[in-house]
Amino acid sequence: MSQSNDNTIPAEFLAKYRIRSITPVNEPGTIPVTVESESGSRYTVDRNAFIDRYDGGMEFRWSCTCPARKRCRHIDAVEDWLYAQALADQDYDALEIIERTV
Ligand SMILES: [Zn+2]
């Protein structure tokens, strides 16, 4: 078994996205997560599954509770973090979900 690094996010990663922390709301390593910005604001980033009405395929969409209406850096940070974890764990199911997320 590989060690999970849920609670050890490198400082340079946090600095890149100008956030303080990413904390799972429920179980470690799961979504939704709480992202704390450098200003101290806390936002919840979640991922929801949708069935494509045309081809029946599953796709996923991010949401964030911050004031930005579109893609924000909180989502970018969480996606990058999950991707790094999935690569480290060789978790191909997790990687496929990331590939299907818009
Ligand atoms: Zn946001």
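Modeller: Just after helix 2, Gln90 takes a positive phi of about 50 degrees. This is a predicted model, and the angle belongs to that prediction. Most residues other than glycine have a negative phi, and most peptide bonds are trans. Gln90 has its positive phi although it is not a glycine. It sits in the loop between helix 2 and helix 3. Gln90 is exposed, because 9 other C-beta atoms lie within 10 Å and the limit for an exposed residue is 12 or fewer.

Now step back into the helix itself. Helix 2 covers residues 73-89, which is 17 residues. At 1.5 Å a residue it should span 24 Å, and its end C-alpha atoms are 24 Å apart, so the two agree.

Which residues of helix 2 are buried? They are His74, Ile75, Ala77, Val78, Trp81 and Leu82. Seen down the axis of helix 2, these buried residues fall within an arc of 160 degrees, so they line one face of the helix. An α-helix has 3.6 residues a turn, so residues three or four places apart point the same way.

What covers that face? The cover of the buried residues includes strand 1 (19-24), strand 2 (33-37), strand 3 (42-51), strand 4 (58-64) and helix 3 (92-99).

Strands of a sheet pair through backbone hydrogen bonds, either parallel or antiparallel.

Take the pairs in turn. Strand 2 and strand 3 are joined by 4 bridges. Thr34 has Thr44 in strand 3 as its bridge partner, and Val35 stands opposite Tyr43 in strand 3. These two strands form a hairpin with 4 residues between them, and Gly40 in the turn has a positive phi of about 95 degrees. Gly40 counts as exposed because it has 7 C-beta neighbours inside 10 Å. Strand 3 and strand 4 are joined by 7 bridges, and Arg47 stands opposite Trp62 in strand 4. Their hairpin has 6 residues between the strands, and there Gly56 takes a positive phi near 75 degrees.

In the loop between strand 1 and strand 2 lies Pro32, and the peptide bond from Ile31 to Pro32 is cis, with omega near 10 degrees. Arg18 lies in the loop between helix 1 (11-16) and strand 1. Its phi is near 55 degrees, a positive value in a residue other than glycine. With 12 C-beta neighbours inside 10 Å, Arg18 counts as exposed.

Where pLDDT is low, the predicted coordinates should not be read in detail.

Notes:
Residues numbered from 1 in each chain as written. Predicted model: local features only at pLDDT ≥ 70, side-chain atom pairs only at ≥ 80, totals over all residues. Expected span 1.5 Å × (residues − 1). Buried ≥ 20, exposed ≤ 12 C-beta atoms within 10 Å, placed from the backbone. Arc of directions from axis to C-beta. Contact = placed C-beta atoms within 7 Å. Pairing = 2+ DSSP bridges.
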